[in-house]
Amino acid sequence: MVNVDQKILPFSDPSSWKCNDANCNNWITFQHFDGLVIQGSGSLHGQGQKWWQMGCMQNKVGFAILDSKNVHISGLTSVDSRKWHISIERSSSVHASNLNIKAPEDSPNTDGIRIQHSTNVTISSSTIKTGDDCIGIGDGSKYININRILCGPGHGISIGSLGENGRSETVEYVTVRRASFYTTENGVRIKTWQSTAVEVSNILYNDLKGTTSGEIAVELLCSESVPCKNIRMKDIQLDYGINGKIYDGHPKSHCLSVVQSWDEGNVYPNVPCLTKKLSY
């Protein structure tokens, strides 16, 4: 068990980061664990401001779980990470809850939680306010459950980007429930590079509400060669608004290459690539 009950800070100056090892991509890394518990009321302050200002392309991920299983994370706060706040990679049975993640709206590439090549990951009861995706789900991820998330500002909850440079990539069995969006650029989106073998399937969005500052509230951009399928939406209410105020006008949705997918009722804005299921 790891207890984090204090404020932890790294070097704030990029020039102070002296490391030539291959494992220097992250500030804090837990790797090859089975049965790890990380908890506490402490905070991780990445001091990313100087890194963002300098345009550092190799910014360090704040906190990484790699090649591990049966991991529980709860209670932590992450502030101003240089890049992604929390990265979960090549891991299984990871449960994260009661997290508070924040960075300025204009901070670059500061995803709250990034999931890649991982299975059976649950993110719940957390507040994520960053400059990029609240939660980003990448290649090789399946059985991802996201529940009771307050998201915004930022880019919403995203799957992708997938298929860059023609790579074959897969994401499946993702469930997003009871999420609230506050002035996000998008609510939910799927992003793929076109003309690549990317498979996204078995995705459920249920009970999502809030406001988006961008014109497109729901964006499903799937591979032309392997369309998304079995995308299901139910009880979605995403209005156009800024700082909690709902404005006149209607947000839009955008679809590309989506098949065999369903509007199960009460979806706003309308998503035309979803077939409406009739209730009897």
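Helices (H or I, at least four residues) and strands (E, at least two) are DSSP runs, numbered from the N terminus. With that in hand, Ser213 sits in the loop between strand E19 (198–212) and strand E20 (216–221). What you're looking at is a predicted model, so local features need pLDDT of at least 70, side-chain atom pairs count only at pLDDT 80 or more, and totals for chains, interfaces and linings use all residues. Residues are numbered from 1 along each chain as its sequence is written, and side-chain values use heavy atoms, with hydrogens and water left out.

**The chain as a whole**

- The chain has one helix and 27 strands.
- Its radius of gyration (taken over C-alpha atoms) is 18 Å, close to the 19 Å from the globule rule for 280 residues, so the chain is as compact as a globular protein of that length. That rule is 2.2 Å times the number of residues to the power 0.38.
- Along its principal axes, the C-alpha trace spans about 60 × 40 × 35 Å.
- Of the 280 residues, 51% are buried. Buried means under 20% relative accessible area, exposed means over 50%, and partly exposed is in between (1.4 Å probe, protein chains only).
- Take the contacts (heavy atoms within 4.5 Å) between residues at least 6 apart in sequence: 72% of them join residues at least 24 apart.

**Surface and charge**

**Around Ser213**

- Ser213 counts as partly exposed, at 30% relative accessibility.
- Leaving aside residues up to four places away in sequence, Ser213 touches Thr183, Thr184, Glu185, Tyr240, Gly241 and Ile242.
- Pro251 is 38 residues from Ser213 in sequence, with a C-alpha to C-alpha distance of 9.0 Å.

**The annotated site at His155**

- UniProt puts the feature "active site" (unreviewed entry) at His155. UniProt positions follow the numbering used here, feature names are shortened, and annotations may be inferred rather than shown by experiment.
- His155 belongs to the loop between strand E15 (141–151) and strand E16 (157–162).
- Not counting residues up to four places away in sequence, His155 touches Gly131, Asp132, Asp133, Glu185, Asn186 and Arg189. Glu185 also turns up among the residues that Ser213 touches.

- Most residues other than glycine have a negative phi, and most peptide bonds are trans.
- The Gly152 to Pro153 peptide bond is cis, with omega near 5°. Pro153 is in the loop between E15 and E16, which also holds His155.
- The Tyr268 to Pro269 peptide bond is cis as well, with omega near 5°. Pro269 is in the loop between strand E26 (267–268) and strand E27 (275–276).
- His32 isn't a glycine, yet its phi is positive at about 60°. It is in the loop between strand E3 (26–31) and strand E4 (34–39), and His32 is exposed, with a relative accessible area of 60%.
- Asn230 has a positive phi too, near 55°. Asn230 is in strand E21 (residues 228–242) and is partly exposed, with a relative accessible area of 24%.
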